[in-house]
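I opened a new notebook page for this one and kept a list of what I wanted to look up. The entries follow in the order I worked.

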Amino acid sequence: RLYTAIVEPKIGASVSAFPFQLREPGMLLAVANVRKEDDVYAGRDAMLAAIDTLLTTAPATAAEVERARPALLKQIAL
C-alpha cells in the first residue's frame with residue numbers, strides 16, 4: 001500500500017517498511033525516498049495517510065496477510 005500511495009503517483013522514488021520482530025507487538029519503521037526536486041512534506045503526508053487508512057478504515061485483507069507471511073517468516077528464520 002505504501003508503494004501504491006507514494007511511488008506509483010511519483011510522490012517519492014522508493015518506499016520500504018521494516019517491522020521489528022519483537023516478542024510483543026511493537027514498532028514499524030517506514031521509509032520513503034523523495035527526489036530532491038519533489039516535496040518532502042507531500043511524501044510524509046502520503047505515507048501517514050496510507051498508514052492511517054490501514055489502521056482505521058481499510059485493515060489488511062486476508063490476501064495481503066497471506067502474501068506478507070512467507071517473507072516475514074523467512075526473516076525470522078534467517
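This is a predicted model: local features need pLDDT of at least 70, side-chain atom pairs count only at pLDDT 80 or more; totals for chains, interfaces and linings use all residues.

**Entry 1: salt bridges.** How many salt bridges does a search of the whole structure find? The search comes back with four.

I began with Glu64 and Arg1, whose closest N and O atoms are 2.8 Å apart.

Next I looked inside helix α3, where Arg69 and Glu66 both lie, three residues apart, or about one turn of the helix. Their side chains meet in a salt bridge, at 3.0 Å from N to O. Are these two buried or exposed, or something in between? Arg69 has 40% relative accessibility, so I put it down as partly exposed. Glu66 has a relative accessible area of 48% and is therefore partly exposed; the cut-off for exposed is over 50%.

Then I turned to Asp45 and Arg44, which form a salt bridge with 3.2 Å between the closest N and O atoms. Asp45 is partly exposed because its relative accessibility is 41%. Arg44 is partly exposed because its relative accessibility is 43%.

**Entry 2: the overall layout.** I stepped back to see the chain as a whole. Its secondary structure comes to three helices and two strands, and from the N terminus on the elements run α-β-β-α-α. Along the principal axes, the C-alpha trace spans about 40 × 30 × 20 Å. I also looked up how much of the chain is buried: the share is 10% of the 78 residues.

**Entry 3: the largest pocket.** How much space lies in the largest pocket? I wrote down about 930 Å³. The pocket is lined by 22 residues, and the closest to its centre are Ala17, Leu28, Leu54, Ala68 and Leu72. Two or more lining residues come from each of α1, β1 (14–19), α2 (40–56) and α3. Which element gives the most to this lining? It is α3, with eight residues. By class, I counted 16 nonpolar, two polar and four charged residues in the lining.

**Entry 4: a nonpolar patch.** On the surface I found a nonpolar patch formed by Phe18, Phe20, Leu22, Met27 and Leu29. Together these residues have about 500 Å² of accessible area. I followed up one of them, Leu29, which is found in strand β2 (residues 28–33). Leu29 has a relative accessibility of 40%, so it counts as partly exposed.

**Entry 5: the backbone at Lys10.** Lys10 has a positive phi of about 65 degrees, although it is not a glycine. Where does Lys10 lie? Its place is in the loop between α1 and β1. With a relative accessible area of 62%, Lys10 is exposed, because the cut-off for that class is over 50%. I also took a distance to Arg35: Lys10 and Arg35 are 25 residues apart in sequence and 9.5 Å apart in space, C-alpha to C-alpha.

**Entry 6: Ser16.** My last stop was strand β1, where Ser16 is found. Its relative accessible area is 29%, so Ser16 is partly exposed; buried would mean under 20%. I computed one more separation here, between the C-alpha atoms of Ser16 and Tyr3, and got 8.0 Å. Along the chain, Ser16 and Tyr3 are 13 residues apart.

Terms used: Residues are numbered from 1 along each chain as its sequence is written. Side-chain values use heavy atoms; hydrogens and water are left out. Buried means under 20% relative accessible area, exposed over 50%, partly exposed in between (1.4 Å probe, protein chains only). Helices (H or I, at least four residues) and strands (E, at least two) are DSSP runs, numbered from the N terminus. Patches are made of residues with over 30% relative accessible area and no salt bridge: like charges are joined within 9 Å, nonpolar side chains (Val, Leu, Ile, Met, Phe, Trp, Tyr) within 5 Å. Accessible areas come from the Shrake-Rupley method with a 1.4 Å probe; for residues, only the protein chains shown count as cover. On a 1 Å grid over the protein atoms alone, a cavity is a set of points where a 1.4 Å probe fits but cannot get out, and a pocket is an open set with protein on both sides within 12 Å along at least five of seven lines; lining residues have an atom within 4 Å of a point. Grid points are joined across faces, edges and corners, and a volume is the space filled by probe spheres set on the points. Ala, Val, Leu, Ile, Met, Phe, Trp, Tyr, Cys and Pro count as nonpolar, Asp, Glu, Lys and Arg as charged, and the others, Gly among them, as polar.
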